[in-house]
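Dear colleague,

Please find the structure below, handed over together with its sequence.

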Amino acid sequence: MPSDKENQETKPLNNNNTNGNGGSAPSKPKIQPKYSIHRDVLTHEVVIKQTGYAARDKSIPSSLRNCWQSWNFFALFTGVIPILQWLPQYSPRRDLPGDIIAGFTVAIMNIPHGMAYGILAGVSAGNGLYMAVFPVLAYMFLGTSKHISIGTFAVASMMTAKVVDTFANVDDHHHGVLTTAATTTSWLSNSSALADAITSTTSSSLSVFNQTSTFQLFNSTTIANPITKLELVTSLALTVGIVNLLMAFLRLGTLSSLLSEPLVNGFTTAAACHVVTAQLKDVLGISVPRHKGAFKIIYSVIDVIKGVPETNLVNFGFCMAVILFMTICNECLKPRLSKRCRFPLPAELIMVIGGTLISKWLNLNVDYKVNPVGTIPSGLPDPVLPRLDLVPKVAVDSIAIAIVTYSIIMSMGLTFAKKHGYEVRPNQELFAMGIGNMVGGCFSCIPMACSLSRSVIQDQTGGVSQIASLVSASLVVVTLMWIGPFFSSLPRCVLAGVIIVALKPMFMQAKELKKFSKQGKLEMFTWISTFLCVVIIDIDIGLLIGICISLLALYIKGLKPYSCLLGYMPEAPGIYMDLNQHRNALQVPETRIFRYSGSLNFATSLFFRRALFEAVGLDKIPPTKVSSSNSNSPSKGSKTSYSPVSQNGGKAINGQLVESSGGFKVLILDFSMLGHIDVAGCRTLTDVSKELKVRGARLLLASPVDRVYDTLVHSMALSEGPFEIFPTLHDCVEYANACRTA
């Protein structure tokens, strides 16, 4: 019988006599639950017959019939348009005040963020403001998350800028002139008699354009196919939307789970380094060439260092003042004001308005050469279908952008859904993103994502639904209609300072590396390799390398599943524990119990065989060893007694521990944690069974789930096996003991 101390340590979980730390109570419970089962040992075949089990019909007609019967067209319609599900339950008296406050607050943040990230993406500030209107409205009807703030995001803007730098060859304001010049040059290219006309054209072009524009004008590739930045980003948004819709149609919503947390964390942290590097020229007020391809961040930093002597001190001082003001507001003023006021301090908007007024009053653009953001057109853009001929050019980049933006939206959506207790459907999110990107592409928008800071503010200020996004979009429309041109003289260095300060949470993610190092070496290696590859090489190449490393780590973890030998507890029959972890567990005499978790298929069968042979020592037992031990087998009384073993496999004989000879008569495979097996795995079991027979032992299988049992039966119909299968491990052990003592 177990001692009192052992009873206290193994008492049931529902016992209330525990202290605050979850420790054992000083006395035994008044009622100790017990159970006793007396029945015959059952094989799995008997259980199958008695329970009326029938394998699932996997035929195509049956699948189509079940699919048709499960369809509910009304539920399908409301599922595609989720606003129809939550809008009837919306209470204006209860929910509308919080949504109005949250929408107004998010709109205040959307104005500087949209302008800053629009410029970061390589287009105008107005295109960034459009992001706060059209994709937001599409997501409000089709999205399932109630709290995320759709619009611009630093990582998405940086990946868009990479595509712009690669393919765009014409500035937006030169498009019309270059198109005319392209037609003229194409007509004159086959005529050698008009060299003077070409020379005169060159001279006049030099008086109108600068040296870079002239080079672009007479470059044959540029002339033949002019591609503006706006045309490129709208085609990119359309292509990303198409990729999202294809992913939704193929039910690839779980694809985001392949992007592990270390991968996403390291990628976004490294992308923040690219964003800061892109802002250095605006911080210093210098002009540096844009680089393309691998190692561009290194070349950009070198060019910035070379341009430091040409720093515009007024521009640099203004930017440092912006960064200092934003830091003080975020670190000191906002936390204190949040305790007294529901509205957060709109530091970004204050800085944008203040910077615009200072630029106008001091005439910074003319007198001090401080570059402004440029013209912001008033009103909303006209719907224009993006250029479809650019879709093949940006197809590869659009896949990376679609995956990254989807993973960001899903991670944020799941965070708020868990907090507020509702469901976010992955495939519906893909559909909403696809429609939002396609609508945005027709209205001069870049690919959509969601912002961490704006989403948190929308939740903290009382937003309960996407009605807050409708309020925010309405205020941004008002800004575009009447206030947009006011910001045309805003210095770019102000937006650079706003972006740099806003990236602080992304840089703080580097602290998570310590957590990943504790989780495992593969997680830490994934983070470090993804970060270094994205920073040193490039965003898309680094992301691809990070995904490959993450999938490789996943494969390594799945290739080496958990396995162990099990022993029993003398005080509690029917409970079996890992012999390596539980020192007092006893090994069943002349029986080995091997537990295997994971999958047993063509990829893992070799590891399964190696782990099994190492655990039971089957490869070290010659065929004659078991038979000789059988001839000198002990008496029947000694066979029925269990022998205590130490952790290293020794057993007690006459009160002294001696090393086990390794011989056994029965090998039990515990498949209670086996999730999948294929025909190759069944063939491996057949080979193991044959090798055991040569050594005078037999193979028993215990606790397979139904799908594993179906595969085993199917493989036996294909001449594998035969296998002896039992419904529980204890049934299998009792059957082995009966056979051993017979």
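**Notes on the model**

Ser444 is buried, with a relative accessible area of 13%, where buried means under 20% relative accessible area, exposed over 50%, and partly exposed in between (1.4 Å probe, protein chains only). Ser444 lies in the loop between α21 (426-442) and β2 (449-451); helices (H or I, at least four residues) and strands (E, at least two) are DSSP runs, numbered from the N terminus.

Before going further, please note that this is a predicted model, in which local features need pLDDT of at least 70 and side-chain atom pairs count only at pLDDT 80 or more, while totals for chains, interfaces and linings use all residues. Residues are numbered from 1 along each chain as its sequence is written, and side-chain values use heavy atoms, with hydrogens and water left out.

Arg251 also has a positive phi, of about 60°, although it is not a glycine. Arg251 is found in the loop between α14 (229-249) and α15, but this residue is exposed, with a relative accessible area of 59%. A further backbone feature is the peptide bond from Gly721 to Pro722, which is cis, with omega near 0°; Pro722 sits in the loop between α33 (706-717) and β12 (724-726).

**Overall make-up**

The protein has 34 helices and 12 strands, and 46% of its 742 residues count as buried. Among contacts (heavy atoms within 4.5 Å) between residues at least 6 apart in sequence, 81% join residues at least 24 apart.

The unreviewed UniProt entry annotates residues 71-88, 100-119, 232-252, 313-333, 394-417, 463-483, 489-507 and 528-556 as "transmembrane region"; UniProt positions are given in the numbering used here, feature names are shortened, and annotations may be inferred rather than shown by experiment. Over residues 394-417 the model is 100% helix and 0% strand, with end C-alpha atoms 33 Å apart, and over residues 232-252 the chain is 86% helix and 0% strand, with the end C-alpha atoms 27 Å apart.

**Cores and a buried helix**

A nonpolar core is taken as a set of buried Ala, Val, Leu, Ile, Met, Phe, Trp, Tyr and Cys residues joined through side-chain atoms within 4.5 Å. The largest such core has 111 residues, of which Met115 and Met159 touch the most other members, and α20 gives the most to this core, with 13 residues. Leaving aside residues up to four places away in sequence, Met159 touches Phe267, Ala400, Ile401, Val404, Ile539 and Leu543. A second, separate core of 33 residues includes Leu612, Phe671, Leu685 and Phe723.

Helix α24 (residues 492-502) is largely enclosed by the rest of the structure, because eight of its 11 residues are buried. These buried residues are Cys493, Val494, Leu495, Ala496, Gly497, Val498, Ile499 and Val501, and what covers them includes α6, α15, α17 (313-337), α18 (347-362) and α25 (504-508).

In helix α15 we find Ala270, which is buried, with a relative accessible area of 0%. Not counting residues up to four places away in sequence, Ala270 touches Phe531, Val534 and Val535, and its C-alpha atom is separated by 10.0 Å from that of Trp527, 257 residues apart along the chain.

**Cavities**

A search of the whole structure finds seven cavities of 30 Å³ or more, a cavity being a set of points, on a 1 Å grid over the protein atoms alone, where a 1.4 Å probe fits but cannot get out, and lining residues having an atom within 4 Å of a point. Grid points are joined across faces, edges and corners, and a volume is the space filled by probe spheres set on the points.

The largest cavity has a volume of about 300 Å³ and is lined by 20 residues, of which Met158, Thr277, Ala278, Arg290 and Ser300 lie nearest its centre. The largest share of this lining, six residues, comes from α15.

The second largest cavity has a volume of about 70 Å³, and among the residues that line it are Phe267, Val404 and Leu543.

With best regards

Terms used: On a 1 Å grid over the protein atoms alone, a cavity is a set of points where a 1.4 Å probe fits but cannot get out, and a pocket is an open set with protein on both sides within 12 Å along at least five of seven lines; lining residues have an atom within 4 Å of a point.
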